[in-house]
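Please look at the sequence and the structure below.

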Amino acid sequence: MGTWGTGIFENDTAADWVYGLKPAKRSLFGKAKGDPFSYPMAAISCVLNAEDWIESSECDECLAAAECLAAAMGNPMPPSVYAENIPKWLGSLAGKVPSEEQLISARTAVSRVRDDAKSETNL
């Protein structure tokens, strides 16, 4: 795995994860189809469902997903983000924001990632 900085998206795993982030699909009437947060929530759930040790790749993807949810809530993205997928995904949300339950899950997962006794990521 390559890492070129200390930012959330400054490693190969997070950069690869971002390329899987696709704009929300729309119905014929312009409304979002499905849950546009399902891809980020899958990475977050992976950390939440880990029984013991959380591998670095899972940590990196979870942190990237949590950052995307934060951006959907209006928080600015870190300046090191280069992938155009994130602005396209954000633009496709049309004002939709993550649910309170999704945000709580993201916060809990980030806390697990930050726990040195349970994860391979050192924050």
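Which residues are buried in helix H4 (residues 85-92)? In this predicted model, the buried residues of H4 are Asn85, Ile86, Trp89 and Ser92. Viewed down the axis of H4, these buried residues fall within an arc of 130°, so they line one face of the helix.

The buried residues of H4 pack against helix H1 (12-18), helix H2 (38-48) and helix H3 (56-72). The face of H4 turned away from its buried side carries Pro87 and Gly91, which are exposed. Just after H4 comes alanine 94, with a positive phi of about 50°.

Next, consider glutamine 102, which lies in helix H5 (residues 100-114). Is glutamine 102 buried or exposed? Its relative accessible area is 11%, and buried means under 20%, so glutamine 102 counts as buried.

What does glutamine 102 touch, leaving out residues up to four places away in sequence? Its contacts are Asp35, Phe37, Met41 and Leu69. With aspartate 35, glutamine 102 forms a polar contact of 3.0 Å between the two side chains. Methionine 41 is 61 residues from glutamine 102 along the chain, yet their C-alpha atoms are separated by 7.2 Å. The side chain of glutamine 102 also reaches the backbone nitrogen of serine 99, at 2.8 Å.

Notes. Residues are numbered from 1 along each chain as its sequence is written. This is a predicted model: local features need pLDDT of at least 70, side-chain atom pairs count only at pLDDT 80 or more; totals for chains, interfaces and linings use all residues. Side-chain values use heavy atoms; hydrogens and water are left out. Helices (H or I, at least four residues) and strands (E, at least two) are DSSP runs, numbered from the N terminus. Buried means under 20% relative accessible area, exposed over 50%, partly exposed in between (1.4 Å probe, protein chains only). A polar contact is a pair of N or O atoms within 3.5 Å; within protein, one must be able to donate a hydrogen and the other to accept it, and residues adjacent in sequence count only if both atoms are side-chain atoms. Contact means heavy atoms within 4.5 Å. The arc is that of the directions from the helix axis to the C-beta atoms.
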